[in-house]
Amino acid sequence: MTKRTKTAPPTSNKKRAGAAGHRKTNVPPETRRTKARRDIHDILPLKSDRINQKSFDTSLILTIIILVVFGLIMVFSASAPAASAYQDNPYYYITRQGIFAVVGVAAMFVISCIDYHKYSKYALLILAGSLLLLFAVYIPGIGIVRNSARRWINIGISTLQPSEVVKVAIIIYFSYSLSVIKDNIKKFKDGLLRYLVILGVFSVVLLKEPHLSATLVICAVGCVLLLVAGARMKHFMLLGGLALPVLCFMIYKQPYQLERVITFLDPFADTSDAGFQIVNSLYAIGSGGIFGLGLGMSRQKFLYLPEPQNDFIFAIVCEELGLLGAALVLVLFGFLIWKGYRIAQEAPDMFGTLLATGITSLIAIQVAVNVAVVTSSVPTTGMALPFFSYGGTSLLILLGCMGILLNISRQTINTIRPGDVNKKSKRGDTK
């Protein structure tokens, strides 16, 4: 009796196909797509990509640190005469600014480790809180009045401009909300209108302080986010045509704003009063020449240029470091802005793209307006130069925004184009 050997039952074609489907294939790691990565491919339909979630963007960090240190040096140089005259301490401004700078840099690194997606949960709460801060300037004992303007609140160790918080709140809320409604932003009534109402409410409260420069910056950043999110240009052209006469009427109704426009047309017509600040700013820029008078050698900071450590600090940079020093500052800002928009372009989702765009646009607009004011290219308005102008809480908030930008950069998609993949395959590089 012969022993029968068991033979395996024949497999059907379907089972063979299923087994082949589960068989591991020799696919390069960078071309494998998991379920989580399919969502990213839906956002950016490229051949392949890598997501960087660990390393810091060293070039961005280095640029920020250079700007902070450069700003501290210029604050000390520009503020020493005024601090000696009014505070009886030449180190008064630099000490306070230095403390906020150290705390801000530490906060920047802490915030860079927090996933930016968490801000979406509190976007509406942040927006509402910033609106309450705007109303806090009218509370006796908390709000501070300077030069007939209510723009500051007392926080004990320093003062805070609620408008600085509003800028960040608008960016966070708009970025999250616009990433949710998506294509509805193309519709005016069901999409765009709600954001215009929000900007209008904040504008009315800010203009009541009054704070025209902050209003214009917040509206400009909001409009940039709306356009990037897909709002129709024709809507903005129509609204711009309606808003321009309103803006002109508001300037006409405010005597000090109208005086600034008239002074801008001919600043040398009244060099002892209305044109005093801008004329001394132009003197500082002109006397700097190409190479400058030397660090610490400014003449206009000796009580000729009012508060040179604030909005007109760029004029002191031009006077002490000349055209070359001013160009270096603008190159640093240019690299930071380019880097920010690059991060926005490579962000893993719409929320990250809009958040990085808003933060970068905020810096770009403030730098452009500040330089234009100092050089008398536009009428004088209170616009701080990021990282340079004196203001501890403003620097702290700005460095916090840089922390958010750094976190987005840690999650960016490093795109691998088809040409790059072919080059790697020819070299035999499969990593």
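Tutor: Let us begin with burial: a residue is called buried under 20% relative accessible area, exposed over 50%, and partly exposed in between, using a 1.4 Å probe and protein chains only. In this protein, buried residues make up 44% of the 431 residues. The model is predicted, so local features need pLDDT of at least 70 and side-chain atom pairs count only at pLDDT 80 or more, whereas totals for chains, interfaces and linings use all residues. Residues are numbered from 1 along each chain as its sequence is written, and side-chain values use heavy atoms, with hydrogens and water left out.

Student: How many helices and strands does the protein have?

Tutor: Helices (H or I, at least four residues) and strands (E, at least two) are DSSP runs, numbered from the N terminus. Here the secondary structure comes to 15 helices and 5 strands.

Student: Which strands form the open sheet, and in what order?

Tutor: Two strands pair if DSSP finds at least two bridges between them. The open sheet has 3 strands in the order 2-3-4, with antiparallel pairing, and its edge strands are strand 2 and strand 4 (159-160), each of which pairs on one side only. Strand 2 (residues 143-146) and strand 3 (residues 149-154) are joined over 4 bridges, and Val145 has Arg150 in strand 3 as its bridge partner. Strand 3 and strand 4 pair over 2 bridges, with Asn154 opposite Thr159 in strand 4. In the hairpin of strand 2 and strand 3, which has 2 residues between the strands, Asn147 takes a positive phi near 55°.

Student: At what angle do helix 6 and helix 14 pack?

Tutor: Axes are lines fitted to C-alpha atoms, for helices over the stretch in contact, and angles run from 0 to 180 degrees between N-to-C directions. Helix 6 (residues 162-181) and helix 14 (residues 392-409) pack at about 15°, with their axes 10 Å apart. They are therefore roughly parallel to each other, a term for angles under 35 degrees. The contact (heavy atoms within 4.5 Å) is made by Glu164, Val165 and Val168 of helix 6 and Ser394, Ile397 and Cys401 of helix 14.

Technical notes
Parallel < 35°, antiparallel > 145°, perpendicular 65-115°, else oblique.
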